[in-house]
Amino acid sequence: MGLLYGLIAVGLALIFGLMDVVNFAHGEFLMLAMYVTFFLFTFFAIDPLLSAPLAAAALFVLGAAVYLVIVRFAMRAKANVGMVQIFATFGLAIVMRGLAQLFFTADYRSVPNSWLGGKTVSVAGIYLPQPQLFGALVAIAAFGGLYLFINRTDFGRALEATREDPGAVALVGIDKNRVFALGWGLGGALVGLAGAIMATFFYIYPDVGASFALIAYVTVALGGFGSVFGAFAGGIVVGLVEATTALILPPSLKSVGIYAVYLLVVFIRPRGLFGSM
Amino acid sequence: MLSVHEVTTAYQGLVAISAVSINVEKGEIVCVAGANGAGKSTLLKSIAGAERPRSGTVTFDGKRLDGMAQHHITATGIAYVPENRRLFPRLSVRDNLRLGSYLYRGDANREGPLDLVFTLFPRLQERLEQRAETLSGGEQQMLAIGRALMTRPRLLMLDEPSQGIMPKLVDEIFQAVKRIRDAGMTVLIVEQRMAECLEIADRAYILQTGRVLMQGPAAEIRGNPDVRKAYLGL
């Protein structure tokens, strides 16, 4: 579970690190990815295992479009750019949630009888649910892929350069808007992957993103704002803390531990575990 | 090669340059000199697309540049090294140079200009793995010029390359500019240090409060008694 939190948070951290914009619609991106998976399963009988790349691709397009159509213009505000960005993405979140209720209804949906759903695998006598296990593998693979992409490719280097100084990349002929759109697309694709996997073991409803988004913000802050690696590590920490809390306290209080650890980190090390700011 | 025709650029209503016209011919080193606030940097920004001129035209090899996006202007063959250099501070020297050749990423010979860069500035080769922010001011300027050369420009524009650099390196950089011209490029250089700049330049313009005050061959301007008194302190 922690690795999935990490995957969601990495998408958020990538966008924030790139352009100092917090995507308040990140949870709604997740919600949409879950619905995409649900509909592909219900209407086309495509198992979430196979539709995960489709959900990632759909969310890549959505992420890039959100940047090009909304955020790009929000950043041109003459005053209070930070506020304008917050309200732009927050407004988008509300619109997405509203549209989801209108078109998908507020009913709880689920993806029953998927290949992995409800199955477990026994490792040394411990039963592990297959969807979560698979999710963990996908998360690790996605993170590895992202790492290679950023460190080994020209686009990745362009991403790093834009993160350093978006005003300077035009000097070497890079269009910063394309890089930003790519960053938003990647952030969307990562949360799209997470959504596809979570659809196999979590109910799908219009507000589902909110609780996960909150955890994602905590994860990003825990790991250190803007640090992609930190967000991923933060996700693991959050997952472990949540699981441990659930052992000690009643399951309904399992989130308490996350926020307690978060408060502790903020008090002791405000820049986060791996933050450089 | 480059023709700036009656360009006016303003910041929030404040006119920084007013109807400035300059010409740069292929193979020249042209120096634009003037005091602080004369509009030298604004002129380069208006050519590079970092500022949008309010009126006037900029033409480069027959192509209109005014109104074009900055990254497209870079792709036409103009490399611009701004005053504050704008390196990518936390990336290595190698990555900064590599980003310079971003436009040629499909090209087998993308690192072609690297030989010239290392011949001009051997120090960069010694510091390839260092982060750009750990370089001295002079080395950063060398890297900024190096990165600009990697874009394979036909016209190189330098804004105050001598700023914040120890005197010994200033001379090294001006010598490098001459060698860059000898390698077939054209250089437009903006400087407050008029004496050094006029020494390497073929022609010069003097800007004052946003207008062209004087223009002509560098030697002529150097010999002008008014210039000697007002700018060169002779």
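Helix axes here are lines fitted to C-alpha atoms, over the stretch in contact, and angles run from 0 to 180 degrees between N-to-C directions. By that definition, the axes of α2 (residues 26-44) and α3 (residues 48-74) of chain A come within 9 Å and cross at roughly 135 degrees. This is a predicted model: local features need pLDDT of at least 70, side-chain atom pairs count only at pLDDT 80 or more, and totals for chains, interfaces and linings use all residues. Residues are numbered from 1 along each chain as its sequence is written, while chains are lettered from A and ligands numbered from 1 in the order in which they are written.

**Chain A overall**

- Chain A has 10 helices and two strands; helices (H or I, at least four residues) and strands (E, at least two) are DSSP runs, numbered from the N terminus.
- From the N terminus on, the order of elements in chain A is α-α-α-α-β-β-α-α-α-α-α-α.
- The C-alpha trace of chain A spans about 60 × 45 × 35 Å along its principal axes.
- Of the 277 residues in chain A, 52% are buried. A residue is buried if 20 or more other C-beta atoms, placed from the backbone, lie within 10 Å of its own.
- Among contacts in chain A with a separation of 6 or more, 74% are between residues 24 or more positions apart. Two residues are in contact if their C-beta atoms, placed from the backbone, lie within 7 Å.

**Helix pairs in chain A**

- α2(A) passes α3(A) in a right-handed crossing, meaning that the near helix is turned clockwise from the far one by less than a right angle.
- Residues of α2(A), including A:Phe29, A:Leu32 and A:Val36, meet residues of α3(A), including A:Leu54, A:Ala58 and A:Leu62.
- By class, this contact of α2(A) with α3(A) has 12 nonpolar, two polar and no charged residues. Ala, Val, Leu, Ile, Met, Phe, Trp, Tyr, Cys and Pro count as nonpolar, Asp, Glu, Lys and Arg as charged, and the others, Gly among them, as polar.
- The axes of α1 (residues 2-19) and α9 (residues 228-248) of chain A come within 7 Å and cross at roughly 150 degrees, which makes the two helices roughly antiparallel.
- α1(A) also passes α9(A) in a right-handed crossing.
- Among the residues that meet are A:Gly2, A:Gly6 and A:Gly17 in α1(A), and A:Gly234, A:Gly235 and A:Gly239 in α9(A).
- The contact of α1(A) with α9(A) has 14 nonpolar, six polar and no charged residues.

**Chain B overall**

- Chain B has 10 helices and 10 strands.
- With a radius of gyration of 17 Å, close to the 17 Å that the globule rule gives for 234 residues, chain B is as compact as a globular protein of that length.
- A box of roughly 45 × 40 × 30 Å, taken along the principal axes, is filled by the C-alpha atoms of chain B.
- Buried residues are 47% of the 234 in chain B.

**Where the chains meet**

- In chain B, 19 residues are in contact with 15 residues of chain A.
- α2 (70-75) and α3 (93-100) of chain B are the elements that give two or more residues to the side touching chain A.
- That side of chain B has eight nonpolar, five polar and six charged residues.

Notes. Buried ≥ 20, exposed ≤ 12 C-beta atoms within 10 Å, placed from the backbone. Parallel < 35°, antiparallel > 145°, perpendicular 65-115°, else oblique. Rg over C-alpha atoms; globule rule 2.2 N^0.38 Å.
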